[in-house]
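These are my notebook entries on a single model.

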Amino acid sequence: MATTTERDQDQIAGYIERARKAQQRIEDYSQEQVDDLVKAVCWAVVRQDHAEQLAKLAVDEGGFGNYNDKVTKIRNRCMGTLADILPVKTVGVVEEIPEKGLVKIAKPVGVVAALIPTTGPDATPPLKALLALKGRNAIIVAAHPRTQKTTELSVQLMRAACEQVGAPADLVQVIENPSLAKTQRLMQLADLIVATGGAAMVKSAYSSGTPAYGVGVGNAVHVVDETADLDDAANMIAAAKRHDHATSCLADNAVVAQESIYQTLLGKLRQAGGHLCSDAEKAKLQALMWPDSAIHLPSVAVIAKSARHIAGLAGIQVPDKCTFLIVEERGAGPDFPFSGEKLSPVLALYRYRDGIENAIAEVNAITAYQGQGHTCGIHTANDAHAMALAMRTKTARVMVNQNLNEGAGSPRNGLPYTLSLSSGTWGGNITTENVNARHMINLTWMSRPIAPRTFDEQALFQSHWLKYSR
């Protein structure tokens, strides 16, 4: 009789086999056929009734976020991704550089394993599927057990869409009765992994022996300097904190404000729905969010819950209009847990004195604890301040005068739409990019001979000789 482990391995091998057969059927698709496929899959998810169904199930099953924001997120993220990828060539010759004699030819990766976080069972599977299918790949989704039903529903919608345009349904599959052992086996057998979730999940993906794109810890920090439009800054910060109860890893976790505008900004944040916690309330909130001081992750009791719900659990009285909680902070690291990623509508507020270099030092201290490589932002009218922040922080995205959630792509910036935000080697990832359709293809480089290049020793080393020849 087969053991449980053997049955799990056989089950995953079956998914892989079906995926490979399905992928082979679309390997010779034209660009037009590929684009028809991704349009069909996207429409199946963003249809208003389907998006609403997914959003309701996500909230009911997982208990994270809120219904209206999830509907918006599903529709905007998926349509934004579709708009991004439709112009991208992923079939045949995708680039030619005649002066270098180079031709680049796109080919499928094969079978993609998609690891889905419990906070994103609704929008994350279709976004990853759209990117995979655009490259003529198959995708197998491994859901978090807590939100399995929501992920299954999204996959069911996409499978039906595949069949509607004559493509095999097994291009998109989801593991039934998920377990750690099954997910590990999937990662071993797939051709590429796209892992979105906690640090342990990403580490497991990179340890599987299969090429992987991972994401880093969020903990985005937002600088507001003395030249900023404070109304816009406060509105952007508040919008990020309340959207879907801050399920996004991009939502501001800390704000670093110049001391001359600190009190004014704080007042505007309070007007926008923030409740400033007293020292006693901050202590209660900390005890709730980190009941075990040795564990530097927030309690699941507060993740993606409303500010009023969190306040009630902590025994804090807040006004009816409260949509996020504010705590003043003065340090970073394990002794200052509010300096880490909170995944909840709780905002740490810092002040900095004097010039932008002190703000940069604060950002670096906060992200060195949690979030290095991910994202920071600045509200400023001084572009030199924005450039200094970009030059001197270890962050993949620096958002200027924007809602930090726009780091995942937005109608008003040029970043690729995604829900897989990599953090480079700073965050333990292989790229700093927003994972997009270009990451889901292999490129064959064809090289033709060109006129021989010559290398002039004296020209190459002239300045070196002048300095060091003696």
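Entry 1. I began with Ile261, which is placed in helix H10 (residues 259–271); helices (H or I, at least four residues) and strands (E, at least two) are DSSP runs, numbered from the N terminus. The model is predicted: local features need pLDDT of at least 70 and side-chain atom pairs count only at pLDDT 80 or more, while totals for chains, interfaces and linings use all residues. Residues are numbered from 1 along each chain as its sequence is written, and side-chain values use heavy atoms, with hydrogens and water left out.

I noted Ile261 as buried at 10% relative accessibility; buried means under 20% relative accessible area, exposed over 50%, and partly exposed in between (1.4 Å probe, protein chains only). Leaving aside neighbours within four places in sequence, I found Ile261 in contact with Val224, Asp225, Glu226 and Leu230, where contact means heavy atoms within 4.5 Å. From Ile261 to Leu230 I recorded 8.3 Å, C-alpha to C-alpha, across 31 residues of sequence.

Entry 2. I turned to the nonpolar cores, each a set of buried Ala, Val, Leu, Ile, Met, Phe, Trp, Tyr and Cys residues joined through side-chain atoms within 4.5 Å. The largest has 70 residues, and those with the most contacts inside it are Leu37, Val41, Ile140, Leu171, Val172, Leu186 and Ile193. Helix H2 (residues 31–46) gives the largest share of this core, 9 residues. Another core lies apart from it, with 34 residues, among them Val223, Ile316, Val346 and Ala388. For Leu186, neighbours within four places in sequence excluded, I listed contacts with Ile12, Ile16, Ala113, Ile140, Ala142 and Ile175.

Entry 3. I checked helix H5 (residues 124–134): 11 of its 11 residues are buried, so the helix is largely enclosed by the rest of the structure. The buried residues include Lys128 and Lys134. Just after H5, Arg136 takes a positive phi of about 65 degrees.

Entry 4. Asn219 has a phi of about 60 degrees and sits in the loop between strand E7 (212–213) and strand E8 (221–224). Asp354 has a phi of about 65 degrees and belongs to the loop between E12 and helix H13 (356–369). Asn219 is buried at 0% relative accessibility, whereas Asp354 is exposed at 53%.

Entry 5. I searched for aromatic pairs, taking rings of Phe, Tyr and Trp (its six-membered ring) with centres within 6.5 Å; planes under 30 degrees apart count as stacked, over 60 as edge-to-face and the rest as tilted. The count came to 1 pair. Trp290 is buried at 8% and Phe338 is buried at 0%.

Entry 6. Glu329 is buried, with a relative accessible area of 8%. Not counting residues up to four places away in sequence, Glu329 touches Lys282, Phe336, Phe338, Ala348, Leu349 and Tyr350.
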